[in-house]
Amino acid sequence: MVVPAYNEAMVIESSLASLISVVKPENVYVVSDGSTDDTAKLARTQVTNVLALRKNRGKAQALEQLINKYHLTKRYQYVFFFDADSQLSKNFLAEVRQFAKSKPACIVGTVGSQRRGIISAYRVYEYSLSHRFFKTAQNLIRAIAVAPGCASLYRADVLEKLNFSNQTLTEDFDLTLQIHQKKLGQVIYASKAIVTTQDPIGFSDYWKQIMRWCTGFWQNFFLHRLYFVRNRASAMIMLNFIDGLTWLLAIRLAIVYPAMFIHLISLAYLIVVVIAICLVCLEQKYWAIVYTPFFPFFQYLNLAAYIASFFRAIFSGKRRLGWQKVLRYSN
């Protein structure tokens with residue numbers, strides 16, 4: 001298990017504790033990527049395999065340094081990527097083992113949200129929709145486009161063939177696309193293998209996070225030339241792109257036909273809230289129901305980030321990209 005970390009002193013101990021409650025400490029490897037706090041020191045109180053880089057290299061290259069330092073692709077059949085702010089469920093490894101028998105290129109777990117206010121409530125809805133429906137559907141047609149950086153196992157020989165670059169802000173998206181493009185094997189979804197992760201605690205951090213995700217989407221879109229549909233995964237991404245264009249068309253209609261738009265937006269609002277209530281109940285996170293009337297506004301915020309990040313991705317070019325973190329809180 002590999003854990004990249006940058007200034008994660010507040011959460012690193014509890015995250016590693018969740019790991020070593022499931023696996024032996026000697027199988028956990030941490031890289032502190034030029035941290036200026038006590039990340040490396042605190043990590044060593046939990047595990048012995050800690051690589052403290054003096055210079056910040058960015059998440060992707062820090063992972064590569066860690067994997068190479070400890071020769072992990074030679075020592076293990078699968079390497080599990082985990083984030084320093086996350087918590088591993090007790091049954092995670094038991095769930096993924098049954099999928100490892102068929103030797104897929106990558107096994108993807110389910111990302112869950114820790115309970116903490118309106119943003120976490122929205123993430124309950126968002127994660128449920130993206131995993132229970134979209135990722136499950138993508139799994140059926142072998143078109144999973146993103147293996148989350150906090151909940152994915154890569155086959156060791158596959159990792160040796162991937163390029164760990166810092167050209168995008170979403171290295172997990174980049175690596176998954178490479179698996180498809182290089183035809184290295186299947187990416188499969190283990191729905192009951194759950195990892196919970198921290199959500200932003202304020203709207204400023206929420207905006208920062210979704211801007212990173214959306215910018216990473218566009219960077220990979222251009223880097224991997226996803227406008228050419230070459231495989232099933234890229235076809236799924238094109239559907240995401242078309243969905244964004246649909247929302248932009250709705251804005252255009254609002255300008256030209258404001259009366260029609262009011263009716264459409266009212267209907268869309270009602271549909272989102274009803275679906276959100278159903279999904280929250282399905283997840284048995286009943287505490288989030290009270291926040292569901294606000295969920296449609298998050299989607300418009302996401303749309304704004306989708307548009308703004310398009311220009312950010314263009315102007316970022318191919319320069320080296322480092323960490324872009326949000327504030328942490330004690331688990």
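**Fold and overall shape.** I counted helices and strands first: the protein has 12 helices and 8 strands, taken as DSSP runs numbered from the N terminus (helices are H or I, at least four residues; strands are E, at least two). I then checked the radius of gyration, which is 20 Å and close to the 20 Å that the globule rule gives for 331 residues, so the protein is as compact as a globular protein of that length. That radius runs over C-alpha atoms, and the rule is 2.2 Å times the number of residues to the power 0.38.

**Ground rules.** This is a predicted model, so I kept local features to pLDDT of at least 70 and side-chain atom pairs to 80 or more, while totals for chains, interfaces and linings use all residues. Residues are numbered from 1 along each chain as its sequence is written, and side-chain values use heavy atoms, without hydrogens or water.

**Burial.** I find 50% of the 331 residues buried (under 20% relative accessible area; exposed is over 50%, partly exposed in between; 1.4 Å probe, protein chains only).

**Cores.** Next I looked for nonpolar cores, meaning buried Ala, Val, Leu, Ile, Met, Phe, Trp, Tyr and Cys residues joined through side-chain atoms within 4.5 Å. The largest has 31 residues, and V3, L16, L19, F80 and F92 have the most contacts inside it. Elements giving two or more residues to this core include β1 (2-5), α1 (12-20) and β4; β8 gives the most, with 4 residues. A second, separate core of 30 residues includes W218, L279, F295 and F298.

**Rings.** My search of the whole structure gave 25 aromatic pairs. Rings of Phe, Tyr and Trp (its six-membered ring) pair if their centres lie within 6.5 Å; planes under 30 degrees apart are stacked, over 60 edge-to-face, the rest tilted. F81 and Y154 have ring centres 4.8 Å apart and planes at 45 degrees, so I logged the pair as tilted. The two sit 73 residues apart, F81 in strand β4 (residues 78-81) and Y154 in strand β7 (residues 152-155). F81 is buried at 4% relative accessibility, and Y154 is buried at 1%. Ring pairs also link a cluster that includes F217, W218, F221 and F222.

**Helix α9.** I checked the length of α9 (residues 203-223): its 21 residues should span 30 Å at 1.5 Å a residue, and the end C-alpha atoms are 29 Å apart, which agrees. The expected span is 1.5 Å times one less than the number of residues. Just after α9, R225 takes a positive phi of about 50 degrees.
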